[in-house]
Amino acid sequence: LVNAPPSLDPAEVVCLAETYLTAFQVLHFGQRGTARYKNTSLKGKSVLIVGAMSNNLGKAMIDLATNANAAVIYATAKKKHWKTLAALGAIPLDQEESEWITRLEESMDLVLATNGANREDVSTLHMKALRPKAGHLIVCGHRVADTDIPVGEWKERKPMQLSWPKQNSSTQWLHYTHGYDVFDQWDTKLDVCQADLKHLLQLLAEGAIKPYVLDRIPLTKVPKAQEVLDSKRLAGHLVCEPWLKSKRRAVGL
């Protein structure tokens, strides 16, 4: 258990344990000890977020990368979201990788795939954006779409089966490609997760991060909320407050 200061909004606190913890841990991949908690922990680092508006994870990544003083944050999304991304502090990019890969090739320290329900798939061009022998591509969650190949399977298949431009470069890229699941982290690295969550609570208390709670719903509305989440992307978190009395719903539940 991690104690949360009573002054914090419980609805915002619950957004930290999955969404913001995922964002924090992938952004600080490979960083150990207290260095990851400094506000300069990403100083000089370049970050590319694939599918930044496909779920709440993209905003969390931008919030935390900005707080850690990342040198530059790029984010892919539909053009209708570009103003929002710019307001958050990211440089918006087209969903079509060929529009920007010549500019970003071999320059990214981190390429992070949010793996939202309506996300863009990771391609070899995203991998070409990685800084040689230094950058890392991290796919969040479990990938289940028909055309997807989970990271574990990528590493088990022969390079030629993956259709990379060059066989020798495919082996190199796979070495710097990783899968991430926050629930696995809680199971296997409990102490690290607790320490990271305490840090996130501190950032929340300081106002450095601000999860967006779209709506609060009673327990009776959870089934309907799940139907809505399965059918479309919502620009914020839905938080269940079990004993909440009925009120006008932001998402029409």
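Buried means under 20% relative accessible area and exposed over 50%, with partly exposed in between (1.4 Å probe, protein chains only). D9 counts as partly exposed, at 22% relative accessibility. The model described here is predicted: local features need pLDDT of at least 70, side-chain atom pairs count only at pLDDT 80 or more, and totals for chains, interfaces and linings use all residues. Residues are numbered from 1 along each chain as its sequence is written, and side-chain values use heavy atoms, with hydrogens and water left out.

**The chain as a whole**

- The chain contains 11 helices and eight strands; these are DSSP runs numbered from the N terminus, helices being H or I with at least four residues and strands E with at least two.
- Of its 253 residues, 45% count as buried.
- The accessible surface of the chain is about 13,600 Å², and carbon and sulfur atoms make up 51% of that surface; the areas come from the Shrake-Rupley method with a 1.4 Å probe, and for residues only the protein chains shown count as cover.
- Among contacts in the chain with a separation of 6 or more, 70% are between residues 24 or more positions apart; contact means heavy atoms within 4.5 Å.

**Nonpolar cores**

- A nonpolar core is a set of buried Ala, Val, Leu, Ile, Met, Phe, Trp, Tyr and Cys residues joined through side-chain atoms within 4.5 Å.
- The largest such core has 40 residues, and L64 and L200 have the most contacts inside it.
- Two or more residues of this core come from each of α2 (16-27), β1 (46-50), α3 (56-67), β2 (72-76), β4 (110-113), β5 (136-140) and α10 (190-206).
- The element that gives the most to this core is α2, with seven residues.
- A second, separate core has 16 residues, including Y74, I101, V111 and L137.
- In soluble globular proteins, nonpolar side chains tend to be buried together.

- Helix α2 is mostly covered, with 10 of its 12 residues buried.
- Those buried residues are L16, T19, Y20, L21, T22, A23, F24, Q25, V26 and L27.
- The structure has one aromatic pair; rings of Phe, Tyr and Trp (its six-membered ring) pair if their centres lie within 6.5 Å, and planes under 30 degrees apart count as stacked, over 60 as edge-to-face and the rest as tilted.
- The pair is F24 and Y37, which is stacked because the ring centres are 6.0 Å apart and the planes are at 10°.
- F24 is in helix α2 and Y37 in the loop between α2 and β1, so the pair ties together parts 13 residues apart in sequence.
- F24 is buried at a relative accessible area of 1%, whereas Y37 is partly exposed at 25%.

**Helix α3: L64 and D63**

- Apart from its neighbours within four places in sequence, L64 is in contact with Y20, A23, F24, L27, L200, L203 and I209.
- D63 is found in helix α3 and counts as buried, at 13% relative accessibility.
- With neighbours within four places in sequence again left aside, D63 is in contact with Y20, I209 and K210.

**Strands β7 and β8**

- Strand β7 (residues 213-217) is mostly covered, with four of its five residues buried.
- β7 and strand β8 (residues 237-240) run parallel and are joined by four bridges; two strands pair if DSSP finds at least two bridges between them.
- V213 has H237 in β8 as its bridge partner, and R216 stands opposite V239 in β8.
- From β7 the chain crosses through helix α11 (residues 222-231) to β8 in a right-handed β-α-β crossover; right-handed means that, with the strands pointing away from the viewer, the path from the first strand over the helix to the second runs clockwise.

**Single residues**

- D9 is in the segment before α1 (10-13).
- D9 and A205 are 196 residues apart in sequence, and their C-alpha atoms are 9.5 Å apart in space.
- Most residues other than glycine have a negative phi.
- E106, which is not a glycine, has a positive phi near 60°.
- E106 lies in the loop between α5 (101-104) and β4 and is partly exposed, with a relative accessible area of 48%.
- K133, also not a glycine, has a positive phi of about 60°.
- K133 lies in the loop between α6 (124-128) and β5 and is exposed, with a relative accessible area of 65%.
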